[in-house]
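Please read them with the structure open.

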Amino acid sequence: MAHGSFCAADTLPAPDFAEDHMTTHSNPDKTYAPDPAFAKAAHVDAAGYEKMYEASMADPDAFWAEQGKRLDWIKPFSKVSDVSFDLGNVHIKWYEDGTLNVAANCIDRHLETRGDQTAIIWEPDDPKDDAKHITYKQLHRDVCKMANVLETLGVRKGDRVVIYLPMIPEAAYAMLACARIGAIHSIVFAGFSPDALGARINGCDAKVVITADEAPRGGRKTALKSNTDQALLHCKDSVKCLVVKRTGGQTTWTSRDYDYNDMAMEADDVSKPVEMNAEDPLFILYTSGSTGQPKGVVHSTGGYLAYAAMTHQYTFDYHDGDVFWCTADVGWVTGHSYIVYGPLANGATTIMFEGVPTYPDAGRFWEVCEKHKVNQFYTAPTALRALMGQGNEFVEKYDLSDLKVLGTVGEPINPEAWTWYYNVVGKGKVPIVDTWWQTETGGHLMTPLPGATNLKPGSAQQPFFGIKPLVLDPQSAEVIEGNDVEGVLVIANSWPGQMRTVWGDHERFEKTYFSDYPGYYFTGDGCKRDADGDYWITGRVDDVINVSGHRMGTAEVESALVAHEKVAEAAVVGYPHDIKGQGIYAYVTLMNGVEPTEELRKELEKWVRTEIGPIAKPDLIQWAPGLPKTRSGKIMRRILRKIAEDDFGALGDTSTLAEPAVVDDLVDNRMNRK
Ligand code: 6R9
């Protein structure tokens, strides 16, 4: 089974109940103020946030011109922004007459000051194997070699290169080598099938695909090279395949294959960075929408890098010398921005982890934190929820005293998981940043700042500098002013990290993001702005359910359910209900060893009633041994909705799920009304 390191839940049995995490019950009204000493040393404290945010709103071009200076430009920009969100004429340009090279910004400019500092710590799947410490000097050498290998294969500025690699240093080399020669990379997560890989190679008309023999993960191996061979059966004959040796497990070579290790040995270790325009595409990343084919999200060279670097520095309060660990895979946007581009642009030490959170056991994250003295740790709620059920002793065995900031991303974090993260991992001393953003946004759009914000568990709280969020009424599209309100979330202005277009389909870009609410970037998320003006993401708008005229985020009900001591995970969808319009349908995974009984069903209904209110009481609870998730750990509610509607014929494509078999179980149980 293949999956991102984020989704520990897929690999774990439902956790045993009766762990002491039950003592960490959250109090929803409690906030957590920054430690004064931390705030003092931080890049931004509370007053600093207000001041800088106001400056970013008052004169955005002046603000972003200043931020543009964090990069080294070959030719400095004179124009800051040229943006229109008007349907039919949507264009987004930042720093458009400046030129630069991303690899030079991530590597070359650090050589003089920190050439011997570790740039990347590579932690292999098997903890018995040695970690690698790659200095900026070594990174420079290996990226130049890879750049020269790609040029030998005929790759030139503007060409596309698909990367289908395990989490090994060569994945970062490949990204940076493309950036160095001006090629556009498109990473396909190594857990994707040959079909998905083939579609993406064809979708961006790639010249070369870079892969490895095998990807070890959680003690098992995925045969990437043979997947690539299968994918390439459906691609042009001219596509070349560059193969990196990871395990030595490759058996077949074809005439289109090139041996990376041989070629790199011969390749020159210097390569001149190509001068790129700020608006030249840096990469394409395919992401799925709620419907239709995946979209090729296009990110730019200058604006994207400035935004990734800036958010990495402020959100995590990154300081020189810190060791930063984002547990994502480079196959997702989080890995692009916060394993490679943001940290390296800032001259950081960044960890690349090949494994999963539960191999060899549920202590792996914390073991790695201790071993590499991690200062900032960034992961996903799904991983935390799974780990918290395994017992606190997996955390408590390790010395986590170097942790300064904890982060989460990917979905709303339920207050239970937040509190566990805060108390058990952070020992009640380490601020948590709940970062809300999207593949499309390039970097964080809403997040607390660790030295500035009074933290509220479960809330992404406040906009990042330069971001102007608005809450709209979904029906009338009117702006809802004031606090204690709820609606759909749009962004009123642009920021440098914003995606520029959908690869090969600008019309689809306009239609997807700028047509429902004209004049704004539509995020697809719902949100609340509470009485204090803090933002709470309520989930994708297509996950919003309307019960008897009450709009409700599915996440809200889920959060209540998982707060119950016997519940491991829950997913909630709407289904047609004669009287209420929509009813609440809850899929519930119980803790290990807990028997699903009628009595427990009643208990959970009552629990949600008291947690949220009578309108939130689930109309139907189905026991679910597992939930259908994407490989990045997101619950596929589209499928759950269909099952709830008894529409079993229309489940759509389930092949991209981490474990397609869980769907059969759910359908079975639904049919038999279990
Ligand atoms: C970075 C990433 C984007 C969607 C987004 C939202 C959900 C992400 C969140 C969050 C609540 C957070 N999301 N972070 N919801 N709180 N902190 O995940 O990108 O894979 O494109 O997903 O994920 O629904 O719209 P992507």
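1. A backbone N or O atom of P412 lies 3.4 Å from a nitrogen atom of the ligand, where a polar contact is a pair of N or O atoms within 3.5 Å. For E411, a backbone N or O atom is likewise placed 3.4 Å from a ligand nitrogen, and for T435 the corresponding distance is 2.7 Å. Taken alone, the ligand exposes 530 Å², of which the protein buries 90% (accessible areas by the Shrake-Rupley method with a 1.4 Å probe).

2. This is a predicted model, in which local features need pLDDT of at least 70 and side-chain atom pairs count only at pLDDT 80 or more, while totals for chains, interfaces and linings use all residues. Residues are numbered from 1 along each chain as its sequence is written, and side-chain values use heavy atoms, with hydrogens and water left out.

3. The ligand is surrounded by 16 residues, the closest being D434, T435, T439, D525 and R540; a residue counts as near if one of its heavy atoms lies within 4 Å. At least two residues of this shell come from each of α12 (333-345), β20 (432-435) and β25 (DSSP runs, H or I of at least four residues for helices and E of at least two for strands, numbered from the N terminus).

4. Strand β25 also belongs to an open sheet of 4 strands, in the order β21-β22-β24-β25 with antiparallel pairing, pairing requiring at least two DSSP bridges between two strands. Because β21 (469-472) and β25 (535-540) stand at the edges with a single partner strand each, one side of each is left without a neighbour in the sheet.

5. Within this sheet, β22 (residues 485-491) and β24 (residues 521-529) run antiparallel and are joined by 6 bridges; E486 has K528 in β24 as its bridge partner.

Methods. Polar contact = N/O pair within 3.5 Å; in protein donor to acceptor, adjacent residues only side chain to side chain.
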